[in-house]
Amino acid sequence: METTNNIISIRGLYKRFPMGKDEFTALHDINLSFGTGEFAGLIGPSGSGKTTLLNIIGSLDVPTQGEAIVLGRSIGKLSPRESARLRKESLGFIFQSYNLLAVHTVYENVEFPLLLLNYTESERQKMVLDALEWVGLSPKIKSKPPQLSGGECQRVAIARAMVKKPRLVLADEPTANLDAANSHHILQTMEKLNRELKTTFIFATHDEKVISYLKRRIYLLDGRVDNEELTEAI
Amino acid sequence: MKTAIKLAYRNLIGAGLRTWLNVIVLSFSFVIIIFMKGIMTGWDYQAKTDMTNWQIGGGQYWHEAYDPYDPFTFSDSHAPVPSGMQEEISRGNAMAQLIVQGTLYPAGRMVQVTIRGIDPGQQVLQIPTARLDTLTDAIPALIGSMMAKNSRLKEGDYVTLRWRDAAGTFDATDVIIAGIFATNVPAMDAGQIYIPLDTLRALALLPGEASILTFRESEKQRTELPGWKWMSKPELTREVDELIKTKQTGQTVLYAILLLLAMLAIFDTQVLSIFRRQKEIGTYIALGYTRQQVVGLFTVEGSMHAVLAAVTGAIYGVPFLAWQAKVGWTLPMEASEFGMAMAQTLYPVYSLGLVATTVLLVTITTAIVSYIPSRKIAKMNPTDALRGKLQ
Ligand SMILES: Nc1ncnc2c1ncn2[C@@H]1O[C@H](COP(=O)(O)OP(=O)(O)O)[C@@H](O)[C@H]1O
Ligand SMILES: [Mg+2]
């Protein structure tokens, strides 16, 4: 179904939402593939369909028509259990608003995805400490999210997304709540992880700072792929 | 499951004041239910002990015509003590009572009484009949403290007693109040006067006769005696059992209200937290939980209120319940008004079974109440939850 290099192939994908009696088409005939190790972004103004597409890739939503094959699995055809398993084992999410668990410490937040997988306590501990080191948060291990700055929170979220070394990380407007210095910091962190761990990153963004880091830019406009550019050979 | 419990615990503690309010309300349910049930058990136990000691012993033979609720039967409900029984009586294993209807005239008033002829040397019941074993110019009589209060009689008072003998003739004599005793058993106090058995037999012209025979030991089976009916201990305490059952039904309503209040608070908390924590729910799903697992997580979280409440309840409940078991719970009203064996102060009795069933009942109810609103999560769309846009 997919070439060995592709971890995502999207073909003829439509997404329609019911709107009163009508339907609203949020995504029109999307055809895209992503290979392993990409650092790509869906770029477009608000309402262009970035989040919708990212959610389908992340198996949080399903296509209305067409096909999205992620890591060999057709998103529209997965049972809830299978899609949960795909997310649990292979996907990492980073959200604009961090979505950390406020009552848990930094350590516990990062450990969380591992609790769903069958790692031993000592394995988990090593993985969490490694992930916190990648994002430079080792000293804040016992803090809770309300005590952290926005940049630190987003770094915890990156550590949480990366701790299980997923094959694919989906980041929806990860810098929207951050200042320039923090934005660059987290982007450098992600770029480094992309390079060192070969993790595929797909962003949804309209932030120039993010765009400047992307190696592949996919422009969306009104739910269609408008334009695409590569900044270097992949 | 372990993860769910750990998470639920952190979430609950993290929620702070609201959790503790719910937990405290719920812990009241625990403590009050256990306390009230303990009082009931204690009352039951005390009522039966008192009845045994003061009224029924180990079971009784009643003359077949005897009906304690109908004093008019008393004139017909007597017969000579059966020959075999006489031996039991002289060995102290049983005692005979002759019951005759009479009238007392304290200070010019008139009080209907049941005259009980009782052997002063009896050891079967706790009634201090030894006080009847005195030589006085009048017939010695014993009464209970409630009777003394109602007829305004004191120890040493003389009072006129009238009765009707077997021939149907009215006669009267003076008796002296030789003693007043306190009992929790109203049936042996209100309207009762005790005089020596042989004296009453002589006054009523019923030599060697009795109305009831009371045994010291309770045995399952007693021989049939023609003209007498056997009343076993369970039969005699049935009324107490039924009264306590009725009281317990009344109490169940109170528990239900208490539990309902606690459950409303928890239901409300669950609904609110599911509404407020949509993003968190979306995040759990994004991290690989199925929606069913999130439902489970929220249910565990809600149910854990009961666990925390059991712990909190234990902290103040155990000392309180232990203290109550020691000092007893004094009734706010006159115990004698209940018209049944009831002490003014009741000592609650708690059993492990009582505590276990209460904890189980409250925990299961809490789990159900936590689950009902959590089911809503199963219908949530994760993308909507992540946007936090559900209504
Ligand atoms: N669940 C939904 N129901 C109806 N319309 C939706 C829903 N989700 C997204 N949309 C619409 O689809 C379009 C694309 O939304 P989205 O993917 O969130 O855009 P972006 O992330 O690029 O800002 C918007 O017009 C939005 O209103
Ligand atoms: Mg968006």
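A salt bridge is a side-chain nitrogen of Lys or Arg within 4 Å of a carboxyl oxygen of Asp or Glu. By this rule, a search of the whole structure finds 22 salt bridges over all chains. The model is predicted: local features need pLDDT of at least 70, side-chain atom pairs count only at pLDDT 80 or more, and totals for chains, interfaces and linings use all residues. Residues are numbered from 1 along each chain as its sequence is written, chains are lettered from A and ligands numbered from 1 in the order in which they are written, and side-chain values use heavy atoms, with hydrogens and water left out.

**The site of ligand 1**

- Around ligand 1 there are 14 residues, the closest being A:G47, A:K50, A:T51, A:T52 and B:R387; a residue is near a molecule or strand if one of its heavy atoms lies within 4 Å of it.
- The site is shared between chains, because residues from both chain A and chain B surround ligand 1.
- A polar contact is a pair of N or O atoms within 3.5 Å; within protein, one must be able to donate a hydrogen and the other to accept it, and residues adjacent in sequence count only if both atoms are side-chain atoms.
- From chain A, an N or O atom in the side chain of A:K50 is 2.9 Å from an oxygen atom of ligand 1, and a polar side-chain atom of A:T52 lies 2.5 Å from an oxygen atom of the ligand.
- From chain B, a polar side-chain atom of B:R387 lies 3.0 Å from a nitrogen atom of ligand 1.
- Ligand 1 taken alone exposes 550 Å², and the protein buries 76% of that; accessible areas come from the Shrake-Rupley method with a 1.4 Å probe, and for residues only the protein chains shown count as cover.
- Two or more residues of the shell come from each of β2 (22-35) and α1 (50-57) of chain A and α10 (382-387) of chain B; helices (H or I, at least four residues) and strands (E, at least two) are DSSP runs, numbered from the N terminus.
- The element that gives the most to this shell is α1(A), with 3 residues.

**The interface of chains A and B**

- The contact, meaning heavy atoms within 4.5 Å, takes 24 residues from chain A and 20 residues from chain B.
- Between them the two chains bury about 2,000 Å², 64% of it on carbon and sulfur atoms; buried area is the accessible area (1.4 Å probe) that two parts lose on being put together, summed over both.
- In chain B, the residues that lose the most area to chain A are B:R10, B:A286 and B:L287, together 30% of what that side buries.
- Between chain B and chain A the count is 1 salt bridge: the side chains of B:R10 and A:E108 meet at 3.2 Å, N to O.
- The rule also finds 6 residue pairs in polar contact across this interface, both at pLDDT 80 or more.
- On the side of chain B that touches chain A, α1 (2-15), α7 (278-286) and α10 each supply at least two residues, and the largest share, 6 residues, comes from α7(B).

**Local features**

- Within chain A, A:R85 forms a salt bridge with A:E89, with the closest N and O atoms 3.1 Å apart.
- A:R85 and A:E89 are separated by about one helical turn, because they are 4 residues apart in helix α2 (residues 80-90) of chain A.
- A:K165, a residue other than glycine, has a positive phi near 50°, and A:K165 lies in the loop between α5 (150-162) and β7 (168-172) of chain A.
- B:L205 is not a glycine, although its phi is positive at about 60°; B:L205 is in the loop between α5 (197-203) and β9 (209-210) of chain B.
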